[in-house]
Amino acid sequence: MTKAPRTKVILSMGSGGVGKTTLSAATACKAALEGKRVVVMTIDPSARLKDLLGLSGDGQLTQVQWPELEGRLWGLVLDSRGIFDDFIRKAAEHTAAAEKLLNNRLYQELSTSLSGSQEFTSLEKLRELVMSDEYDLVVVDTPPADHAIEFLTAPDRLAALFDEGVASWFRTPLSQQGFLKRIIRKGANQVLRALELLTGAEFIRELSDFFNSLSGWQGRLRDRLMETKSILHGENCDFQVVCTSEPAQISQASKLINGLTDEGIQTAHILVNRCYPHWIETVQNESLPPGLKRWRDDIQSQIQSRDVLMNKSFATQKLVKIPHFGFEPNPIQLAKFLQAQEKLGVKK
Amino acid sequence: MQCAMLAPVALARIFPRMKIHFFTGKGGVGKTTVSWMFAHELARSGQKTLFIETSEESLLPDLGLADSPSTFVPKEIPSQRQNGNQWKLQQLPKGQPEQLLPGPRHERSLGRSPERSLWRGQDCLREYAHHLLKISPLVDLLFDHKITQSLIQVAPAVFELALLGKITSGPPRLVGPPLDYDALVVDAYASGHFLSLLRSPQGMAKAIRFGPMGKQSRAIHEMLINPEYTQYHLVSLLEDLPVEESLELGSTLKNEFDAKPHLWINRVLQLDPEQMEELARFPNLNLSKVLHERLQFETKFRTQLLDFPSWADVREVPEFFAPQTSQDTGGQADRPRDLK
């Protein structure tokens with residue numbers, strides 16, 4: 001514990017379209033308003049964070065220029081491709097091998113869609129920021145995923161590729177293999193032939209080039225992974241799940257929380273976005289003509305039944321309910337709203 | 001369940017020879033519900049329709065739209081669940097507004113319903129391998145072996161290609177097991193992810209010029225840019241971010257795939273004449289102010305959306321206060337809303 005970095009981490013998770021980026025920025029702003037030095041980072045193809053915080057978006061850490069924050073907030077829109085290239089340059093034992101990979105056509109066309117590479121790069125950047133020990137808090141806006149839990153398991157999947165030795169099929173010439181390896185190799189050859197039938201010789205050639213260029217980086221990859229894992233499972237790391245109050249979203253969020261629990265991770269709190277229209281209190285007891293009354297009653301009963309479902313689904317987590325503002329609130333407005341909610345919670 | 005009704009004649013006019021309908025849009029705008037609704041309308045108009053989910057897990061049960069999850073093998077939709085709400089769909093082309101009104105309920109229940117499937121990349125890939133290799137043990141070796149599993153899992157764009165390959169496997173490509181439908185309605189990924197899906201065949205074709213991989217990738221891309229086979233539907237809301245994203249996505253689809261997407265505006269405020277009259281008569285009520293403000297917002301965002309010149313057409317789906325939980329919907333049929 002003595003040498004562990006003091007930097008805290010909050011990972012925002014949830015499916016797309018729930019306001020995850022906006023609320024990650026708000027969470028970071030809130031901490032900065034409270035005097036902490038904070039970084040918020042995202043891999044967001046639509047560059048939402050860039051617009052929200054006025055960042056440069058060139059993959060560099062940028063100080064947010066809002067007077068209220070007194071220079072305590074930095075934002076970072078990750079350039080996934082750049083970081084992956086960078087990592088490969090650092091990790092490959094021979095520069096020539098790295099350059100060969102970076103010039104591999106398959107890699108060039110597809111490295112950004114290489115499954116797991118986005119998750120890998122954001123975890124890699126997180127590790128770097130935490131290890132630098134220069135910040136009090138790092139807020140990570142995780143990439144939207146079908147299964148947000150994949151964010152945590154993606155690096156394992158990448159690592160498995162090397163642990164299981166698939167790379168060696170493409171790497172080691174047959175003549176250099178021992179007797180036992182040749183037997184194992186027999187199965188592999190069959191698989192390769194099947195793959196070739198499906199994809200063609202050119203694909204296999206590019207693929208084996210790809211793996212050849214990767215030689216030597218699996219050890220480093222594993223070391224990095226161990227470090228990252230200990231950050232994620234450490235007590236300095238909190239998970240917050242973002243969802244909306246729609247029944248389907250509540251159900252998705254419960255599944256995500258269960259998935260996290262299976263990974264041995266407790267979800268600290270849930271931010272439920274767009275729970276109710278911000279004006280609902282002003283019309284709650286208003287006497288209305290029949291048509292308008294019907295409209296208000298419809299919306300109120302919808303809010304109520306969603307509340308019931310939420311309380312049932314998230315019985316053990318701390319819930320923060322955020323209204324639908326009818327406009328896009330800026331992160332500082334939202335941060336102040338979150339602060340006010342927190343005070344309310346303390347009073348109760 | 002909410003179902004919009006398009007008159008069959010109007011449908012035939014809008015989609016004369018079409019096969020594949022991709023639905024995309026920002027996360028959370030209602031892609032699944034709108035595309036599900038559209039699949040029902042195609043089916044009722046007499047087209048043999050397959051509704052395809054592409055997420056890891058079937059979303060229909062959580063949305064209260066079906067009792068059980070969709071599976072890879074198509075499922076029939078039980079007919080007693082078909083009764084939709086009385087929806088009025090307004091078409092808003094520049095020039096002549098065309099109103100498509102629902103037919104009487106008894107007519108609708110006579111129509112056919114779509115079938116539904118859940119197509120995940122890994123399942124599509126396995127099916128394709130089976131079809132091509134024809135030797136089950138070899139396919140099992142490929143997919144169940146720990147090593148190949150991890151290889152396939154990280155291999156670039158393979159799942160995307162497998163999914164698109166399956167979706168475009170009907171005529172004229174005719175690759176893989178036969179796919180016999182008049183229309184496929186694909187509830188596809190959200191904007192950014194959808195674009196990388198669409199771009200994957202081009203990317204692969206550039207990297208791999210020869211062999212089956214290159215050839216198939218080019219053929220898939222050809223189908224994606226041919227409006228006779230493929231149509232794009234964009235679901236949006238009258239709110240800041242969805243509008244912004246729709247306009248961006250609309251131009252990208254136009255520029256990169258030469259597509260004229262169909263625009264669906266979801267959750268539009270729907271007031272009946274009585275409510276509109278009350279709104280005018282009691283302007284000082286808090287609720288009236290709120291509704292007026294929302295109508296103003298909607299007008300502003302609608303104008304922004306309609307300024308974009310390349311929509312094939314524009315349709316609006318009213319906001320609907322649905323039965324709230326999946327348990328509710330599982331038990332009861334939809335609650336008809338009196339629209340007068």
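# Reading surface, burial and charge

Mentor: Start with the accessible surface (Shrake-Rupley method, 1.4 Å probe; for residues, only the protein chains shown count as cover). For chain A, this surface comes to about 15,500 Å², and 50% of that belongs to carbon and sulfur atoms. This is a predicted model, where local features need pLDDT of at least 70, side-chain atom pairs count only at pLDDT 80 or more, and totals for chains, interfaces and linings use all residues. Residues are numbered from 1 along each chain as its sequence is written, chains are lettered from A and ligands numbered from 1 in the order in which they are written, and side-chain values use heavy atoms, without hydrogens and water.

Trainee: How many helices and strands does chain A have?

Mentor: Both are DSSP runs numbered from the N terminus: helices are H or I with at least four residues, strands are E with at least two. Chain A has 15 helices and 8 strands.

Trainee: What share of chain A counts as buried?

Mentor: Buried means under 20% relative accessible area, exposed over 50%, partly exposed in between (1.4 Å probe, protein chains only). In chain A, 55% of the 348 residues are buried.

Trainee: Which residues are joined by salt bridges, and where is K30(A)?

Mentor: A salt bridge puts a side-chain nitrogen of Lys or Arg within 4 Å of a carboxyl oxygen of Asp or Glu. K30(A) sits in helix α1 (residues 20-33) of chain A and E342(A) in helix α15 (residues 331-347) of chain A, so the pair ties together parts 312 residues apart in sequence.

Trainee: Are these two partners buried or partly exposed?

Mentor: K30(A) is buried, at 15% relative accessible area. E342(A) is partly exposed, at 36%.

Trainee: What separates D297(A) and K293(A)?

Mentor: They are 4 residues apart in helix α14 (residues 290-313) of chain A, about one helical turn. D297(A) is partly exposed at 29%, and K293(A) is partly exposed at 37%.

Trainee: Which residues are linked in a network of salt bridges?

Mentor: R6(A), D133(A) and D136(A) are linked this way.

Trainee: Which residues form the negative surface patch?

Mentor: Patch residues have over 30% relative accessible area and no salt bridge; like charges are joined within 9 Å, nonpolar side chains (Val, Leu, Ile, Met, Phe, Trp, Tyr) within 5 Å. Lys and Arg count as positive, Asp and Glu as negative; His and the chain ends are not counted. Charges are placed at NZ of Lys, CZ of Arg, CG of Asp or CD of Glu. Here D51(A), D240(B), E244(B) and E248(B) form the patch. Helix α10 (residues 240-257) of chain B gives the most, with 3 residues. E244(B) lies in that helix and is partly exposed at 39%.
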